[in-house]
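Please read them with the structure open.

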Amino acid sequence: MASLSLKHIFKVYDGGVKAVNDFCMDIDDKEFIVFVGPSGCGKSTTLRMIAGLEEITAGELRIDNEIVNDFEPKDRNIAMVFQNYALYPHMSVYENMAFSLRTIHMPNDQIHEKVMEAAEILGITEYLERKPKALSGGQRQRVALGRAIVRQPKVFLLDEPLSNLDAKLRAAMRAEISRLHEKLGTTFIYVTHDQVEAMTMGSRIVVMKDGYVQQIDTPINLYKYPDNMFVAGFIGTPQMNFFDGTVTKTGQDVQFTLDCGTTVDMKYIQADKIPVKYMDGAHKIVFGIRPDDVRVYNKNNYNDGSWAAAKAVVSVVEVLGGETLIYANLNLDTPDAQSGAIIIKANPDTEVRRGDIIDIEISRRKFHVFDKDTEKSIRRRIPEENVILASIAGGTLSFEAESFRLPAAVQCADSKNAEISMPVSALTLGEGNGHAKVQWIETIEGKTLYFLKVGSLTLFSLEQGEARFAVGDDVQFDIDFTQMAIESLGVTPLSLTNTLDGIFTKVKDKSRKFYHFYMNVGEAKLVPTDSICEKVFACKGNKIFHTPLEYIVEAKYLTVAPHTEGAENVLVGKVLEILDYGRAKYAVIDVYGQKLIAAYNGNVGETVDVTVPVEAVTIKDKSIDIIIV
Ligand code: ADP
């Protein structure tokens, strides 16, 4: 049994190379996790930190809920299998496998039992007397696995274990390692740069690039719902086709205009997860389509409206037997131009030749759209925002047939055509002034995403838990105005994340035998817990006293009360402003020259105590921008 938790893990090598940045993940018992990404992205460093072979610069690593940052590798109950096997050449296979058990003085009969059991699992019983040099690469890798198995570790770490093997053997060993994982019922963490290995073996995959986690998900979700162009391009072979272009919405029709000259038409309902602000014919987008989601036209193809017609000119045909790959170009005039290049995975009996102009069909369901600048998906499985064009007059917001009175805290000028945006969680269902019809519902990982028809628009609402309404229901909705932005009118969401500059100090106790430690913000001294002190010193040692820090805390953890003398763990401040959001009121409070926001309904000018639960505070090292606690 082993679960792991990696919380804000950073690795900064001497010399300042930030190899791993803010790695956060919970791994359940018995999972098969794969870290994948190009060379140098930080996979091995992360694995080595888990193994204890590399010091963790900042962050918290737990195995079975116990913090193990300072545990020696041998005390972590982890086994690691490397690419180069690391077998002892002068020992037999049997002795190689028995070695680690001998070092812990296990009785011989038990060692024999464990070695034989592992040899049986791996099918190497007949080689036990051989030396490693008399074995093939695959057999050596099995011995390396066997050496790990006999120790019955809680966690198996495998660092590119198959990269020294030829392609055929690798495929066989992949299946073998998956079977081994099932048989042992242990947590596996596997590092590879090969996306096929990742897709075939992982129960979940962590895609990394340049030291940052790009996405963590199941193989099928990474394939179907990549968060960005990097993941979209890295996962899946042949690679996803990408086309630069723009998108326009006219009434209920949407058209993608690709730079290579092709247009892809569809109904708004097929593209309604894309925020309408991108559908202005000006925003630069990238249209992505996998080779599997394009097909060669055939009059017998069934098409219920989910396929858009296009033409392409063929440049190369690869007949692979089970399927045929067609390398073609949407740009019929310049078939070698990169901008229109497309790969199509076609039926094996498709007969096309170089130079042919073919009719193709592009899926209107399984396409991807990315923001050209940020490379992030803008057709997300769960849309991030609702974007609405609305008019504002005399403090009332109107769109379609709906109108909402703006709360006093939202002050803005009148406007006929203002672009309003808010996260999908800011649109709440059940009560409120808005009226919508539930058009569609998706259940995604314990959450419910409602597609709401509001006049001609589709808006989204995201709720935790199971659906409370059904398709076809008429529902009322409300807007949480603290989360609304109107860029053109200078309305920004209320930031409920407070960031305060501060330092960490020590004061000698009167007895002069020990120190008291403090988290200082201005004149306030917050008292850290022992666990906070431990983490701070583990990460920074005595340098912590000379490090500029940021104390970050969400408003929801703060409580505000009229000032009293002598309260502990409080910041004393003065109310500068009360923000009235209707459903809730917030105070902007000056604390020692810095601004803080917390829910409070008091008076401007009042002196207040803001109680800070220190466990809820994130501590960031400002000098190198890493989270310490
Ligand atoms: P991967 O396993 O994904 O190929 P690594 O974790 O080995 O990547 O390396 C991540 C980054 O850290 C790379 O830029 C690499 O050059 C750097 N790096 C790795 N080990 C060290 C080290 N001992 N000292 C300094 N930099 C290192």
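1. F477 has 0% relative accessibility and therefore counts as buried (under 20% relative accessible area, with exposed over 50% and partly exposed in between, using a 1.4 Å probe and protein chains only). F404, at 3% relative accessibility, is likewise counted as buried.

2. This is a predicted model, in which local features need pLDDT of at least 70 and side-chain atom pairs count only at pLDDT 80 or more, while totals for chains, interfaces and linings use all residues. Residues are numbered from 1 along each chain as its sequence is written, and side-chain values use heavy atoms, with hydrogens and water left out.

3. Rings of Phe, Tyr and Trp (its six-membered ring) are paired if their centres lie within 6.5 Å, with planes under 30 degrees apart counted as stacked, over 60 as edge-to-face and the rest as tilted; by this rule there are 23 aromatic pairs. The ring centres of F404 and F477 are 5.6 Å apart and their planes stand at 45°, so this pair is tilted. Because F404 belongs to strand β23 (residues 402-405) and F477 to strand β28 (residues 474-479), the pair ties together parts that are 73 residues apart in sequence; strands here are DSSP runs (E, at least two residues), numbered from the N terminus.

4. For Y581 and Y586, the ring centres lie 6.2 Å apart with the planes at 75°, so the pair is edge-to-face, and both residues are buried.

5. A cluster linked by ring pairs is made up of F504, Y515, F517, F537 and F545.

6. The charged end of R379 sits over the ring of F367, 3.8 Å from its centre, where the criterion is NZ of Lys or CZ of Arg within 6 Å of the ring centre and within 35 degrees of the ring normal. K525 lies over the face of Y518, at 4.9 Å from the ring centre.

Methods
Helix = DSSP H or I, 4+ residues; strand = E, 2+ residues; numbered from the N terminus.
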